[in-house]
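Trainee: Please take a close look at the pocket lining in this model.

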Amino acid sequence: MSMVLAATDGAGGYAGQYDGRLITWTGGTFQDHGVPAGYTAVEAVDENAPGSVLGNASAYPNGHAFVFENGGFQFLGKVPGYYNTKGLGMNNRGDVVGTVFNDIRHGSTAAFWPSGDRTHPVLLDVPPLLTPVDIDHDGTILLNEQFGGTWLWKDGVLRQLVLPEGLRESRGIAIRDGKVLASTQLGDRLWTSSDTSEEVPGTMQTTALDGSGLVTGWISPRIAAVWSPGGSITTLPAPTEAYGIVVGDNGEIAGALQGNSGDTPVVWRRG
């Protein structure tokens, strides 16, 4: 079974999972943190600059979000009336955005866990068709509308990303330092403000961005690549098919090499 890399602290630390267990790389050292008691598997979701890892633990049919920090699993508080929690994004302050639900087949509700009190989450006052995706360092929350566009929420105010003429739908991927990466029917785009966006050239499939707007992902068939606003796509050297997964504020791109026995985590360091 292959290791799955999912997140970075932006300074050379990474998190992911292997065989359902939480793993991290710090300073090149691999650590296996296992699975919290009472659960069968975990999935890493995000990591912030202090090195806290957001993840979700599962024990079918239930799932609970946690933050791994100070060497232990700390579960997020539940909203009364909802049994399950799912973390989707965490910022450098430690704020978490996600969803709460009972039976996922019946939908979920957007929720927010403030860094100072993750035991008492609050439901976001947003329309039910909006689902959170990520959270920026200033607390701006990125949301997707079912069969619609991409929205930003901050301090109770909603703003919609302006789509180019002819486009009706977009799917937010990530938000970082006011920049938003999203996909559309005609390709992925990077928004530098709610009404200003630039098309990612070619047919690059994007997965993540850093605070400068550096974007990673891949181009067909599976060639790892990066792109910056105003520039052209740069492919990353690899002995096999590969793809970028996360990009750190230090300029490192982490992803995976594809192989017959599974994917292998890899880091590209830009000179």
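Mentor: The lining of the largest pocket divides into 19 nonpolar, 12 polar and 7 charged residues. Here Ala, Val, Leu, Ile, Met, Phe, Trp, Tyr, Cys and Pro count as nonpolar, Asp, Glu, Lys and Arg as charged, and the others, Gly among them, as polar. A pocket is an open set of points on a 1 Å grid over the protein atoms alone, where a 1.4 Å probe fits, with protein on both sides within 12 Å along at least five of seven lines; lining residues have an atom within 4 Å of a point. The model is predicted: local features need pLDDT of at least 70, side-chain atom pairs count only at pLDDT 80 or more, and totals for chains, interfaces and linings use all residues. Residues are numbered from 1 along each chain as its sequence is written, and side-chain values use heavy atoms, without hydrogens and water.

The volume of the largest pocket is about 750 Å³. Volume means the space filled by probe spheres set on the points, with grid points joined across faces, edges and corners. The lining holds 38 residues, and Ala6, Val45, Asp46, Asp134 and Val246 are the closest to the centre. Two or more lining residues come from each of β1 (4-8), β5 (41-47), β9 (84-90), β13 (130-135), β17 (170-176), β21 (205-209) and β25 (242-247). These strands are DSSP runs (E, at least two residues), numbered from the N terminus.

Technical notes:
Helix = DSSP H or I, 4+ residues; strand = E, 2+ residues; numbered from the N terminus.
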